[in-house]
Amino acid sequence: MVQKEEQVSPFLVFFLIHAIQVGVGILGFQRIVIKSGGNDSWIAVIAAAIIVSAVIFILYTLLNRHQMDIIQIQKKLFGKYIGSLFGLIWIMNWILLTVTVLSSFVEIVEVWVFSTINIYVFAFIFILLTYYCLTGGFRVVAGICVLGTIIPMYLYLTFLFPLEHTHLRNLLPIWNHSIKEMGLATRDMSLSYLGFSSLLMYYPYIKNAKSSQKWAHFGNILTCLIYLFLMVITIGYFSEKQLSHHIWATLSLWKIVELPFVERFEYIGITSWVLMILPNICLLVWAAAEGIGKVVNIKQKKVLLIILLIVYILTIFMSGRERIDMMNNVSAKLGLFLLFVYIPVLSAYSFVWNKLKEKKK
Amino acid sequence: MFRTRKKDKTSAENKKAAETIQTVFNDLSASDDFKQSFVTNRHVTFCIGFYETLTEADILHKDILHNVQKAVSIEELTALLPFEDLKISEDVTLIQDALLQGSVCIHNSISNKQFCLVKAKSAKERQVAPPEVEFSVVGPKESFVESYQTNIHLIRKRLPISNLVVKERTVGRLSKTKVGVLYIEGIANKENYNTVLQRIEDLNIDQIADSSYLTQLIQDNQHSPFPQFIDTERPDRIAAVLGEGKVAIIVDGAPHALIGPTTIFEFFSAFEDYYLNWLVASFFRLVRFFAVLFSILVTPLYVAVLTYHYELIPKDMVSTLVTSRTAIPLPPILEALILELAIELLREAGARLPTKVGQTIGIVGGIVIGTASVEAGLTSNVLLIIVALAALASFTTPVYQMGNTIRLIRFPFLLMSHYIGLIGVAISFCFLLIHLLRLSSLGRPFLEPLFPLRVFDLKDALIRLPFKYQSKRPIQAQTEDTVKFNQSEAKHKNE
Amino acid sequence: MKKIFQLFLLAVIVFLNGCMNIDTQILDEIQLSSATGYDLVDEDQYEVTVVYPVYESGGGVKNKTLTTTDNLSKEVRDKLNLKSEKPLVSGKLEVALYSRELAEKGISLILDSLTRDPSVGSNVMIGVADGSTKEILEQQYGETDNGIFLSDLIEQNMEAGVIPKTNLHLFMYGNYAEGLDPIAPIIGLSEDELTLKAIGLFDSDRLVGHVDEKDFSLLRVLMEHKSKRDSFSLEINDHEKVSISSMGTTLNYKVSNPMEMSDITIHLKIKAYIREYIDGGLKKIKKQQIEKAFEKDIKERGDALVKQFQELGIDPLGVGEEVRTRSRNWDVKKWDDLYPEISIHIVPEVNITETGVLE
């Protein structure tokens, strides 16, 4: 199957999971969650993390049972044609997520930094970066996930500056929202955790994949802590109504940072975020390309070029707040459905299927 | 050239029976420094052939001629000559090669077709001198010279163990350069040295003038600006990395040896780091890493901020920057490029000219051009400081080749910073990271221990921990024996 | 073939980069406006004044102003650009001043242009001008940029513990918050000298009242939950004057029945040292007596302040926020009805720990 040299250590799953969960979403997730969760949104952050951890658990039981990637599992369970069809849905999901990430970032750059930027060229440069990364194989993708996590870590320290203007009493009173509201908030929050479904594709690329489960959970916990940290600061820093006007609350937080040698940290934040979203794009495109490679037998490089072309065209097409919002919605719904509905069902089905097979024997 | 030689070989084989002194020496006597002389003693006449430019006259006169006058036959001569490595041969090519390596060939027409080869190579080589490129205040003051023998001698002296293996190969159809691959059996990974040997054997080139040829020829990615072998002139460094399970390559005629597999972090560690207290050494290393980042990023950041992101400048610094730029008609990118190029010119001129003139050029050029361009209003004085500091920072890299690379990769950064501002800098940085991730040295990851993340190897990467914690060999080299010394025993002794 | 393809791609990037189409904003080719002022001309016409520094080669700074009138702030910028030789940008804006008349009408519409613009920071100082902003901004204050001068004036006083913290972000926070109203310093010229005259009290975005200099530090300790270096002085009697400076204050709200008509007590603890003590004869300092005197004074003034706020129907102290965080049935409308009627007491506790180097 996968060559031993191409496999990576199990603990890298920590970075693979974390890097893909933290993307553009983190720059503006607060507004959407607070809409229904209010000052209790931080609970939604934790709740979503717990649910995601449960899904990761389900993913691992499924993958451990079959020791192959999702496309192969579906082919095995549903036969060649239906299985491949379901595989295509996953691939579509990943491509959509990529486009969401890329076009959201392009939008941020347009709004915050260069209003007249030529997005054709700008998106193209990202596509080139991705191509250069992906032709290096899965090891390079994993590498960029590690570096894309470690290098921008310093950014989290800068969120300590807004603390000066933070009213932490805003967190009180704890739990004054209804279960329904919290449910909605949790759903909205879990969107920010999406993307880890790529685990379904890179599972066979991990040495002793079974032992990597704990790292996946740790990665998820780190994401949760970072979101929690940001959410608490945001709740304290903004008043609720004020926040509803800020599309990118995280970037607005940075506006207050003033250091002796640099002011207006949001520009540095956006710049550093290039390194944060690159792992996202690379890993998702990699998963899609790998998936197509498993469905139909085409050369990996050609698949890659085709996918990048699709991503490029969609990104160009999806510009402007409304279209990006629409796309966010579609990809979020698809992602939520696949992970939180389809995967548990599939897992149950595979369990029964396996049991039946054992009985036959 | 190669063809004709091959032809000679076949013809020589054909006429093996008819070999005379003529067939052996004929080709060679075309050059005037090939001498033939006939010594006749009471019994026989010996014919002696040698290159006078390659042999030591002293040996020839005192040892060889002296004994030739006494001998009756070749057999007797071999017994008389005080040399340990005497060869008797009748193979024409072997004889010719030996002559070209500085041997003296003795033949006597009576005693069949035997040719006696005596090594009388004149050793014209530099004395072992203190290292110039990797100078260190503390520590040994020896450096490699252009002689293969001496270089290996310097290493063996430091590792007197039988496990130190030297594998010799000859590279270059014209230069016939001796290349030695050194490793310690039982420590170094077989794969590593076999890869090196394989790559050297596969070479198809006419000349190797220096070890840097070899770096470029056998490294994993030949199009990368980053060297993937460290070159060093310090025997102590070679001895240390051999002990870590790496492979060293010595090239005859080159005063630098190569080390592989290596990581990018090793390029920024001076060997002096090991001679200093670990805190001091770690501090210096961190300074060096900071210098590299500073050198690559600072001018692009200046250009990006001044061209697009004025918001980033703190309010108290605005006036300084604006005043320094008001009279300047050029956009920041041109201003920066002019200065960067000026610095490159100074460096290049300094490198090409003789040392003393070079120094003068550096100082005069630096001061005169710098001040004049500021006064003429071509560049701002703030940028002048920045560029000069960046240049200074790029010279702190201990390995010269890497220093050059760093000077080069600033330019793409600079251009991108002009095109897309800070985001351009970030994108270039991503390209650089991906490139480094893709690089490998002898098939081992180049960015280790950052990726693959090996916390254990961080002991000697960004910082250097005390020797007590350096008890294991780096994982990157995939050594066969991973333990350098037993840590607990070492502790015990201390107590 | 592969190499050629890669080279081709490289060429494409270089080429395409040429048409990246980004507007450059080279530092010396733009006009950095450092302060803006808004005056009301009539119903919905503003007069906008923009100050920008012109740096002279000798190191001096000259301030230039541009003025125009319109009804939309950004359109104003286009109009101003007609008068400027270099494009005006607002990324280094330090201060935004609003005339009193304008502030009394409400400024949230104009503030929108500041908050929506990504290039404007959150640390911009918001101020109310006593008189015409144009007049204030046209003055030359020393050798510095007017914007920096004004923001330093406010910031220095904030850091020295004279006035409560304020900036664009905090103003917007108060503007949107349900149980809190923003404040902004009122600046005015008196005999060609710029002074911080009072602290303007806003009802959401409308200026409705002000607090005078004598109550600055009191307002500050009541607004900020933890503060330092606030100074109070008091004439105990004809020949005894004391001034103290706080080393740390803490504020504690006691709300027995939130969202109901029950008393709210604000416990204010001040740990202070004596800065100055003038007495008739050199008497020994009677710490307790002084503490008592201060407590009485602070209570009187504090209760008066709160009364004033309640009468104006504003809540700069954030009493509403305190109630909100303590109750599960928060309702803005109900609170707004309750607030003017509810009785709020201040219970100060002054604790003098040091007396300076003298005793």
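Where is the place of B:Pro449 in chain B? B:Pro449 sits in the loop between β12 (444-445) and α16 (487-494) of chain B; helices (H or I, at least four residues) and strands (E, at least two) are DSSP runs, numbered from the N terminus. What you have here is a predicted model, so to speak of local features pLDDT of at least 70 is needed, side-chain atom pairs count only at pLDDT 80 or more, and totals for chains, interfaces and linings use all residues. Residues are numbered from 1 along each chain as its sequence is written, while chains are lettered from A and ligands numbered from 1 in the order in which they are written.

- The peptide bond joining B:Glu448 and B:Pro449 is cis, with omega about 5 degrees.
- Another cis bond runs from B:Phe451 to B:Pro452, with omega near -5 degrees, and B:Pro452 is also found in the loop between β12 and α16 of chain B.
- Over in chain A, A:Arg264 has a phi near 55 degrees, a positive value in a residue other than glycine.
- A:Arg264 lies in the loop between α13 (249-254) and α14 (265-295) of chain A.

- Helix α15 (residues 400-438) of chain B has 39 residues, yet its end C-alpha atoms are only 23 Å apart.
- A straight helix would reach 57 Å at 1.5 Å a residue; that expected span is 1.5 Å times one less than the number of residues.
- There is a kink of about 140 degrees in α15(B), centred on B:Ile420 (the bend at a residue is the angle between axes fitted to the seven residues ending there and the seven starting there).

**Domains**

- Chain B is assigned domain 1 (2-119), domain 2 (148-262) and domain 3 (284-444); the bounds come from an automatic or database domain assignment.
- In chain B, the C-alpha centres of domain 1 and domain 3 lie 61 Å apart.
- Chain C is assigned domain 1 (29-211) and domain 2 (213-359), and 31 Å separate the centres of these two, taken over C-alpha atoms.
- The contact between them takes 19 residues from domain 1 of chain C and 27 residues from domain 2 of chain C; two residues are in contact if their C-beta atoms, placed from the backbone, lie within 7 Å.
- On the side of domain 1 of chain C that touches domain 2 of chain C, β9 (193-203) and β10 (206-211) of chain C each supply at least two residues, and β9(C) gives the most, with four residues.
- By class, that side of domain 1 of chain C has twelve nonpolar, three polar and four charged residues (Ala, Val, Leu, Ile, Met, Phe, Trp, Tyr, Cys and Pro count as nonpolar, Asp, Glu, Lys and Arg as charged, and the others, Gly among them, as polar).

**Where the chains meet**

- Chain B gives 19 residues and chain A gives 24 residues to their contact.
- The chain B side of that contact with chain A divides into 16 nonpolar, one polar and two charged residues.
- Chain A and chain C put in 24 residues from chain A and 24 residues from chain C.
- α5 (80-113), α6 (119-134) and α12 (240-243) of chain A each supply at least two residues of the side of chain A that touches chain C, with α6(A) giving the most, four residues.
- That side of chain A, the one touching chain C, has twelve nonpolar, six polar and six charged residues.

**The sheet in chain B**

- Five strands form an open antiparallel sheet in the order β6-β7-β9-β10-β8 (chain B); two strands pair if DSSP finds at least two bridges between them.
- β6 (164-171) and β8 (230-232) of chain B stand at the edges with a single partner strand each, so one side of each is left without a neighbour in the sheet.
- Eight bridges join β6(B) to the antiparallel strand β7 (residues 177-184) of chain B, and B:Val171 stands opposite B:Thr177 in β7(B).
- Helix α9 (residues 235-243) of chain B packs on the sheet, and its direction makes about 50 degrees with that of β7(B) (axes are lines fitted to C-alpha atoms, for helices over the stretch in contact, and angles run from 0 to 180 degrees between N-to-C directions).

**The sheet in chain C**

- Eight strands make an open sheet with mixed pairing, in the order β4-β3-β2-β6-β7-β8-β9-β10 (chain C).
- The twist averages 35 degrees from one strand to the next.
- β2 (residues 35-42) and β3 (residues 45-55) of chain C pair in the antiparallel sense over seven bridges, and the bridge partner of C:Tyr38 in β3(C) is C:Val48.
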